[in-house]
Amino acid sequence: MKAVYLVVSLLAFASVHVLAYDPSPLQDFCVALNDSVTKGVFVNGKFCKDPMAVKAEDFYLPGFDKVGNTSENPTGFAVKSADVTTLPGLNTLGISLVRVDFAPKGQSPLHTHPRGTEILVVVEGTLLVGFVASNQNQNRLFTKVLNKGDVFVFPIGLIHFQQNVGYGNAVAFVGFSSQNPGVIPIEKSVFGSDPPISPEVLQKAFQVDQKIIDLLEKPFQV
């Protein structure tokens, strides 16, 4: 049964390639070359490895069956990524994949991915997920409780979340329409930016006094 849901997750991951947001490649592959000596401009990818030096290992990443350590994160979740930094063969192919583990009641922070649409499949547990539309759609909240085998899509750039509402651990696999979708955690970006956003700006934006701002900034202070 586990194999069935793994296949479902991989199919969900593969489907984003059809609508990949990154530019289409002009060669079979461009395995990322991690060369700190090479100088140049990086445009939508990294320098390519010599095709004759490419090996099967460049397209391989083990360990996605391993449970993440959710205790290392205060919100109770852990992420393992298969992106261009961990899987060089993804370079220029316009896709990436992550495994997300959730402790009981654990959740991802409110966040956005500026460069990629996200498609999620639950392989264990129960998740409450949702995203908030832009002002074009009156900032409506779209939310759903997902069980094992369910799939949900988060459109590119929109604020979203996932929360474990079950009684045990939860696991999801997530595909992105970008090799580097990026992530902007809303809370940390607003209250833990470096350098900090002006207190006057935050007070007026949230219509609260400085004491509240100080309280909200405290967890993100280094």
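Everything here comes from a predicted model, where local features need pLDDT of at least 70, side-chain atom pairs count only at pLDDT 80 or more, and totals for chains, interfaces and linings use all residues. Residues are numbered from 1 along each chain as its sequence is written, and side-chain values use heavy atoms, with hydrogens and water left out.

**Overall build**

- The protein chain has four helices and 10 strands, taken as DSSP runs numbered from the N terminus (helices are H or I with at least four residues, strands are E with at least two).
- Reading from the N terminus, the order of elements is α-β-β-β-β-β-β-β-β-β-β-α-α-α.
- Of the 222 residues in the protein chain, 36% are buried; that means under 20% relative accessible area, while exposed is over 50% and partly exposed is in between (1.4 Å probe, protein chains only).
- Take the contacts (heavy atoms within 4.5 Å) between residues at least 6 apart in sequence: 73% of them join residues at least 24 apart.

**Aromatic pairs**

- How many aromatic pairs does a search of the whole structure find? There are five, where rings of Phe, Tyr and Trp (its six-membered ring) pair if their centres lie within 6.5 Å, and planes under 30 degrees apart count as stacked, over 60 as edge-to-face and the rest as tilted.
- One of them is Phe 64 with Phe 173: the ring centres are 6.1 Å apart and the planes sit at 25°, so this pair is stacked.
- Phe 64 is in the loop between helix H1 (2-15) and strand E1 (77-82) and Phe 173 is in strand E9 (residues 170-176), so the pair ties together parts 109 residues apart in sequence.
- Both partners are buried, Phe 64 at 13% relative accessible area and Phe 173 at 8%.
- Phe 131 and Phe 152 also have ring centres 6.1 Å apart, but with the planes at 50° the pair is tilted.
- That pair links distant parts of the chain, with Phe 131 in strand E5 (residues 127-132) and Phe 152 in strand E7 (residues 151-154), 21 residues apart.
- Phe 131 is buried at 10% relative accessibility, and Phe 152 is buried too, at 15%.
- Phe 131 and Phe 152 belong to one aromatic cluster with Phe 142 and Phe 154.

**The annotated binding site**

- An unreviewed UniProt entry puts the feature "binding site" at His 113 and Glu 118; UniProt positions follow the numbering used here, feature names are shortened, and annotations may be inferred rather than shown by experiment.
- Both His 113 and Glu 118 are in the lining of the largest pocket. On a 1 Å grid over the protein atoms alone, a pocket is an open set of points with protein on both sides within 12 Å along at least five of seven lines, a cavity is a set where a 1.4 Å probe fits but cannot get out, and lining residues have an atom within 4 Å of a point.
- His 113 lies in the loop between strand E3 (111-112) and strand E4 (118-124), whereas Glu 118 is in strand E4.
- His 113 is buried at 7% relative accessible area, and Glu 118 is buried at 3%.
- The side chains of Glu 118 and His 113 make a polar contact of 3.0 Å. The term covers N or O atoms within 3.5 Å; within protein, one must be able to donate a hydrogen and the other to accept it, and residues adjacent in sequence count only if both atoms are side-chain atoms.
- Another polar contact, of 3.4 Å, joins the side chains of His 113 and His 111.
- Leaving out residues up to four places away in sequence, His 113 touches residues including Glu 118, His 160 and Phe 176.

- Arg 99 is in strand E2 (residues 96-102) and is buried at 6% relative accessibility.
- The side chain of Arg 99 makes a polar contact of 2.8 Å with the side chain of Asp 101.
- Beyond four places in sequence, Arg 99 touches residues that include Phe 64 and Phe 173.
- Ser 178 is in the loop between E9 and strand E10 (184-185) and is buried at 1% relative accessibility.
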